[in-house]
Amino acid sequence: MPANRIKHKVNHVSLVVDNSGSMHRHEAQLIRVVDEFVKGLQEESDRLGHETRISLYAFNHEVRNLVWDMDVKHLPSLRGLYEVNNGATALIEAAVKSIDDLKNIWEEYGEHSFLQVVVTDGEENASGFSESGQMHTRMAGNRGTAVLRKWIGRIQGAMDNLPDHWTSAILVPNSLAKRTAQEYGFPAGNIAIWDADSSKGVEEAIGTVKAAATSFLRGREKGVRGTRNLFAMGQDLSTAEVKANLDALDTGTYILIPVDEPTPIRDFVTRAGHTYTTGCAFYELSKREKIQGNKQLAVAEKDLTTGRMTGRVFSGPAARRLLGLPESEVAVKPGDNPSYTVFVQSTSVNRKLVPDTKLLVLL
């Protein structure tokens, strides 16, 4: 009889980062927060017992591989590797190259999953430069249109043919770029918008990626090898994790109040007959939100047959880590979890509440 073989989980993460001229103002901060992102991968992989390998790409009008499928534990700082250069944005070519390269990885042994994340502050204008030495946006006549059409076909074909254990995601600077990314084939749930004009933009963007990567790794433990909804929070939260890491709030110390109109949070709490103090109220996460690093979180049990919140409420210092959030501001949207609803602490007095949600108030 042959000996049993351990089928260990192997994660291949590819981070594809724009280094065109417009990224100059973000260079130092990007290096720091990518280093933090890598550290997060190291820690979560150790905790789960996974092997995680990382590849790094930088692109302007040319695409360069900086690190190839290296054990994340051995990756040095991005400092000295990533440098912003003048140039255009070969966005499509960079995404396609990353996918093509990763397809060369041998998967015979182990349970492999692939996660590609592209980060850009601009839009496609230079794919094909490596072949022609010209930006397609500067070609005469219909030549540029033909080149762009060819590369759009290449990325659409690559996305359409990704196996179920591949996840491809992108961070873009605005809603127009988001629509374009969807046309390329990125799933809507794997596209996030970051503020490329803000001094906090890069930190928030990588924080979003870090939270998503953490959720991705934890999903592996439940047999999920790929996702089309990467940037959703809380969808992989399990009953065992909640009970082991969070504290159930005592009955009588809180109340869940249905929200019937878009009322400012302090007015709503006082109108319901309760005293409002800063931080006493938690709004239901029902749409994309920016969550600051100091905000507490809570989760409420749902009735599995009705989906209504009728069970216990849990909270505690470990809630952010459990939900994959870094200790910095991050933009997230709610995931679809059949067992729990996520609530976020508000420190505002005039946050407009969303109708048909609930407000958690600590008494």
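1. Helices in this note are DSSP runs of H or I with at least four residues, numbered from the N terminus. One such run, α5, is followed by Gly185, and the phi of Gly185 is positive, near 120°. The model discussed here is predicted.

2. Helix α5 spans residues 175-184, and its buried residues are Ala177, Thr180, Ala181 and Tyr184. These four residues lie on the same side of α5, because they cover an arc of only 100° around the axis. The cover over the buried residues of α5 includes the helices α2 (91-102) and α4 (143-160), together with β5 (166-172) and β6 (191-193). At the start of α5, the backbone nitrogen of Leu176 has a side-chain oxygen of Asn174 within 3.3 Å.

3. The largest nonpolar core comprises 40 residues, and Phe37 and Tyr82 are those with the most contacts inside it. At least two residues of this core come from each of β1 (9-18), α1 (27-48), β2 (51-59), β3 (63-71), β4 (111-119), β5 and α6 (201-220).

4. Another core, of 32 residues, lies apart from the largest one. Leu246, Cys280, Val299 and Leu359 are among its members.

5. The largest pocket holds about 440 Å³ of space. Its lining consists of 20 residues, and those nearest the pocket centre are Gly40, Glu43, Lys210, Leu325 and Pro326. Helices α1 and α6 each supply at least two residues of the lining. The most is given by α1, with 8 residues.

6. Asp69 counts as buried because its relative accessibility is 13%, and the cut-off for buried is under 20%.

7. Asp356 is likewise not a glycine, and its phi is positive at about 65°. Asp356 is placed in the loop between β15 (340-346) and β16 (358-362). Is Asp356 buried or exposed? With a relative accessible area of 77%, Asp356 is exposed, since that term applies over 50%.

Notes: Residues numbered from 1 in each chain as written. Predicted model: local features only at pLDDT ≥ 70, side-chain atom pairs only at ≥ 80, totals over all residues. Heavy atoms only, no water. Buried < 20%, exposed > 50% of the residue type's maximum accessible area, 1.4 Å probe, protein only. Arc of directions from axis to C-beta. Contact = heavy atoms within 4.5 Å. Polar contact = N/O pair within 3.5 Å; in protein donor to acceptor, adjacent residues only side chain to side chain. Core = buried A, V, L, I, M, F, W, Y, C linked by side-chain atoms within 4.5 Å. 1 Å grid on protein atoms, 1.4 Å probe; cavity = no way out; pocket = protein on both sides within 12 Å on 5 of 7 lines; lining within 4 Å. Points joined across faces, edges and corners; volume = space filled by probe spheres on them.
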